[in-house]
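Okay, thanks for coming, everyone. Let me put the structure up and then walk you through it.

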Amino acid sequence: MRNKRILNWVGVTFVALAYSGCNAPSLVQRSPNKNVSSTYNNGETADTTNTGKLKWKDYFTDPQLNALIDTAFKNNQELNITMQEIEISRNEIKARKGEYLPFVGLRGGAGLEKAGRYTQIGSSEATTEIKPGRETPEPLPDFVVAAYARWEVDIWHKLRNAKKAAVYRYLSSVEGKNFMMTNLVSEIANSYYELLALDTQLNIVNQNIDIQNNALKIVKLQKEATRVTELAVRRFEAQVLNTQNRQYGIRQRIVEIENRINFLLGRYPQPVLRNSQNFENMVPSVIQAGIPSQLLQNRPDIRQAEQDLEAAKLDVQVARANFYPSLGLNASVGLNAFNPIYLGNIPKSLLSTLVADLAGPLINKNAIQATYYSANAKQVQAIYNYERTVLNAYIEVVNQLSNINNLQQSYLTKTAEVQALNESTNIANRLFASARADYMEVLLTQREALESRFDLIETKVQQMNATVNIYRALGGGWN
């Protein structure tokens, strides 16, 4: 088991080195700032600026979005629950520290004792006088007032290691809170941008309804002039109704997203203040991913896994110490007499004890062995969790950087498609008005133009979400 733990610790060290930049793939986008850089073994220079270290108020420039995030940090129930978990962890440190320190207390008592006449104590008391001419009282009262102390000498550092493990778990809970803040920021920002996209789509739908109503009026006039049939009129009416029907689904989605944000903010349903007029012109933030080792410094989930690993290591040492004997010291000092009026008769009523005991397990160690093996298994589990967390963080950053680049190309292509279809719509309308195009060509072109604008908005919201997700992947949002 010890060899297995050593191998696993070596594995963790190797992972840490691998992600600190030693022959690891670069997560860096080039920056014009040449003064902030580092050099890998192969001579490649990488920008060490990490966007994840920016404060969320500096990263998100929309004041209404920042106001939502600030409110969520104050009122979010799950975050407040986590804050109480931190308080519980802090109290656990106090409890472990108290176990390491001596226990001191006061006690007072009164009682009666009657021993059998034909016992050793009873026969001795029957022939013993408290004072000349006065026999021992029967039953014999007993009054005591004393201070006592108990202390387990921490020879094997069992109690100190338990306190250190509690400290690491407290730090882990703090990092867990930071990780929750990071996720909360990203979830609110993603929902906010989705809300802006829905507003924009609803505006596009309304614009298309106006355009299609105008086209319907033209078709009706052409029918009166016997240039088209009733079929064309009905097809244009159906197109208008189909577009009108879209707005209801979008409005429902807006209500759901608003209430999702309200839930994250810990408030009841109400409108979410926002400005969606310039959503289509929003420019995604420039991302600097830094170097891989910065993930270990900035991602709260990685630091949380690291603290859990340290705590698990100490738990093994605590469990191992249970196999060794423990040394306890017990002491007391006070006053003891058979009559309260004699309690002040010092030193005759003075009571003092000092006892040291050394005890250790000898036979039937099953419970101790089970605890020790469980602690070892949990340590190995913590190692695997640490490795998994680091690997997941690295992959998340690589995926999001690739996603940002691909979405940028997709948005440019989709923009060109929208422009082409808008021109096609204008051309189709002119040709139809001059009876040089069929009404089906007009309908098909309008439908394709509407779909392409919807796709463009979807691509834009994906771009904005990608900037949020890369910020979260780099560990931003908690500081």
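Before anything else, a term: I'll call a residue buried under 20% relative accessible area, exposed over 50%, and partly exposed in between, with a 1.4 Å probe and protein chains only. By that rule, tyrosine 324 counts as partly exposed, because its relative accessible area is 36%. This is a predicted model, so local features need pLDDT of at least 70 and side-chain atom pairs count only at pLDDT 80 or more, while totals for chains, interfaces and linings use all residues. Residues are numbered from 1 along each chain as its sequence is written, and side-chain values use heavy atoms, with hydrogens and water left out.

Back to tyrosine 324. You'll find it in the loop between H9 and strand S7 (326-337); helices (H or I, at least four residues) and strands (E, at least two) are DSSP runs, numbered from the N terminus. Together with Ile155 and Trp156, Tyr324 makes a nonpolar surface patch with about 290 Å² of accessible area. Patch members have over 30% relative accessible area and no salt bridge; like charges are joined within 9 Å, and nonpolar side chains (Val, Leu, Ile, Met, Phe, Trp, Tyr) within 5 Å. A salt bridge puts a side-chain nitrogen of Lys or Arg within 4 Å of a carboxyl oxygen of Asp or Glu, and the areas are Shrake-Rupley with a 1.4 Å probe, counting only the protein chains shown as cover for residues.

Histidine 157 sits in the loop between strand S6 (140-153) and H6. Its phi is positive, near 60°, and it isn't a glycine.

Now the inside. A nonpolar core is a set of buried Ala, Val, Leu, Ile, Met, Phe, Trp, Tyr and Cys residues joined through side-chain atoms within 4.5 Å. So which residues touch the most other members of the largest one? Phe60, Ile188 and Tyr193, out of 63 residues. The biggest contributor is H6, giving 16 residues. As for tyrosine 193, beyond its neighbours within four places in sequence, its contacts (heavy atoms within 4.5 Å) include Phe60, Phe279 and Val468.

H6 has 67 residues and its end C-alpha atoms are 97 Å apart, which agrees with the 99 Å it should span at 1.5 Å a residue; the expected span is 1.5 Å times one less than the number of residues. Just after H6, threonine 226 has a positive phi of about 60°. H11 is mostly covered, with 25 of its 35 residues buried, and glycine 475, which follows H11, has a positive phi near 90°.
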